[in-house]
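This briefing is meant to be read with the sequence and the structure side by side.

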Amino acid sequence: MILSRPLTAEVLGAYRLSRLIAHGSLARLYEGHLIGTRGFEKRVAIKRVHAELAADPVWVSAFCEEARRQASLRHPNLVEVIDFEAGGGELLLAFEYVDGMTAADLITRVAARRRRIEVGVALFIARELLRGLEHVHEAQDDLG
């Protein structure tokens with residue numbers, strides 16, 4: 001479910017959450033800002049794991065491994081992991097924020113106009129998605 005709801009600014013560690021973008025069964029995704037010293041701010045996307053999962057040691061271990069693996073990936077079609085926090089009952093992953101329309105928004109808007117996405121556009125999107133996915137699947141850590 002995609003949402004776009006402003007929040008009362010909630011601060012989690014070095015991050016200020018400003019808008020709920022989406023939520024799912026495992027986590028919520030927020031637009032937020034990394035707050036630094038002397039007025040430094042960087043717009044980020046923050047994945048905040050639901051509290052009940054953040055209390056499960058097995059799930060926490062799996063999420064920490066996911067964060068470690070994602071942080072090692074570098075590709076133009078993947079968002080970069082900026083930070084990971086695990087503590088105080090919170091699990092957060094901070095990502096590069098990419099401003100733009102989601103695929104779901106695109107499909108909804110095109111369907112509302114009773115149109116279809118042009119074949120060339122659909123193929124471009126699919127190709128770029130697959131290039132990112134290929135990078136993920138071919139990635140290896142130091143042990144191969």
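A pocket is here an open set of points on a 1 Å grid over the protein atoms alone, with protein on both sides within 12 Å along at least five of seven lines, and its lining residues are those with an atom within 4 Å of a point. In those terms, helix H4 gives the most to the lining of the largest pocket, namely 6 residues. The model is a predicted one, and the values below are computed from it.

**Overall architecture**

- The protein chain contains 4 helices and 6 strands, and when they are read from the N terminus on, their order is β-β-β-β-α-α-β-β-α-α.
- Along its principal axes, the C-alpha trace of the protein chain spans about 50 × 45 × 35 Å.
- Of the contacts in the protein chain that have a separation of 6 or more, 36% are made by residues 24 or more positions apart.

**Surface, burial and charge**

- The protein chain has 144 residues, and 24% of them count as buried.
- Carbon and sulfur atoms hold 56% of the accessible surface of the protein chain, which comes to about 10100 Å².

**The largest pocket**

- The volume of the largest pocket is about 1300 Å³.
- Its lining is made up of 33 residues, of which Val79, Val98, Met101, Thr102 and Ala103 lie nearest the centre of the pocket.
- At least two lining residues come from each of strand E1 (2-12), strand E2 (15-23), strand E4 (41-49) and strand E6 (90-96), and the helices that likewise supply at least two each are H2 (57-71), H3 (103-112) and H4 (119-138).

**Two arginines with positive phi**

- Arginine 38, found in the loop between strand E3 (27-35) and E4, has a phi near 55°, which is a positive value in a residue other than glycine.
- Arginine 38 counts as exposed because its relative accessibility is 86%, and the cut-off for that class is over 50%.
- Arginine 114 has its place in the loop between H3 and H4, and although it is not a glycine, its phi is positive at about 55°.
- With a relative accessibility of 79%, arginine 114 is therefore also counted as exposed.

**Histidine 23 in strand E2**

- Histidine 23 is placed in strand E2, and its relative accessible area of 30% is why it is classed as partly exposed, a class that lies between the limits of 20% for buried and 50% for exposed.
- Histidine 23 and alanine 54 stand 31 residues apart in sequence, and their C-alpha atoms are 15 Å apart in space.

**Alanine 67 in helix H2**

- Alanine 67 lies in helix H2, and its relative accessibility is 5%, so it counts as buried, given that the class requires a value under 20%.
- When residues up to four places away in sequence are left out, alanine 67 touches Phe84 and Leu93.
- For the pair alanine 67 and leucine 93, which are 26 residues apart along the chain, the C-alpha atoms are separated by 7.1 Å.

How values were computed:
Residues numbered from 1 in each chain as written. Predicted model: local features only at pLDDT ≥ 70, side-chain atom pairs only at ≥ 80, totals over all residues. Heavy atoms only, no water. Buried < 20%, exposed > 50% of the residue type's maximum accessible area, 1.4 Å probe, protein only. Contact = heavy atoms within 4.5 Å. Areas by Shrake-Rupley, 256 points an atom, 1.4 Å probe, with all protein chains shown as cover. 1 Å grid on protein atoms, 1.4 Å probe; cavity = no way out; pocket = protein on both sides within 12 Å on 5 of 7 lines; lining within 4 Å. Points joined across faces, edges and corners; volume = space filled by probe spheres on them.
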